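We will go from the whole chain down to single residues, one stop at a time.

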Amino acid sequence: MNKLCCPFDKHDLDLKVFVKNEAGDILEGLLTCVKCKRYFPIIYGIPVMTPDEYREKALEQPIVRRWLPDHRSEGFLLND
Ligand SMILES: [Zn+2]
């Protein structure tokens, strides 16, 4: 995967990998901005990096909770 940066503030993103395929490609993961703590899920190998107003919280949050059962954030910020 190419080096990605936060679309809001251009800071680096931390990557957590949850599922890889046999080729080593990331299928499910979570990118977290080191600066603003926004998270961007990787779903079916595609990083979801749309602006907040176009994101589907109802679709993303069940996935993020499955990866991180302790996740309590109501927005798109990761508090850990
Ligand atoms: Zn950021």
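## The whole chain

Colour the chain from the N terminus on, and you can read off the order of elements as β-β-β-β-α. That makes one helix and four strands in the protein. What you have on screen is a predicted model.

Zoom out for a moment. The radius of gyration is 12 Å, close to the 12 Å that the globule rule gives for 80 residues, so the protein is as compact as a globular protein of that length. Along its principal axes, the C-alpha trace spans about 35 × 25 × 25 Å. Buried residues make up 14% of the 80 residues.

## Stop one: strands S2 and S3

Select residues 26-33 for strand S2 and 39-43 for strand S3. These two strands run antiparallel, and four bridges join them. Find Leu31 and look across to S3: its bridge partner there is Phe40.

## Stop two: on to S4

Click on Ile42 and then on Pro47, its bridge partner in S4. This hairpin has two residues between its strands, and Tyr44 in the turn has a positive phi of about 50°.

Is S3 largely enclosed or largely open? Four of its five residues are buried, so S3 is largely enclosed by the rest of the structure.

## Stop three: the nonpolar core

Show side chains for Leu13, Leu30, Leu31, Cys33, Tyr39, Phe40, Ile42, Phe76 and Leu78: these nine residues are the largest nonpolar core. Which elements give two or more residues to this core? They are S2 and S3, the strands from your first stop.

## Last stop: Phe40

Centre the view on Phe40, a member of that core. Leaving aside residues up to four places away in sequence, Phe40 touches Leu31, Pro47, Val48 and Met49.

Of the contacts with a separation of 6 or more, 31% are between residues 24 or more positions apart.

Methods. Residues numbered from 1 in each chain as written. Predicted model: local features only at pLDDT ≥ 70, side-chain atom pairs only at ≥ 80, totals over all residues. Core = buried A, V, L, I, M, F, W, Y, C linked by C-beta atoms within 7 Å. Buried ≥ 20, exposed ≤ 12 C-beta atoms within 10 Å, placed from the backbone. Contact = placed C-beta atoms within 7 Å. Pairing = 2+ DSSP bridges. Rg over C-alpha atoms; globule rule 2.2 N^0.38 Å.
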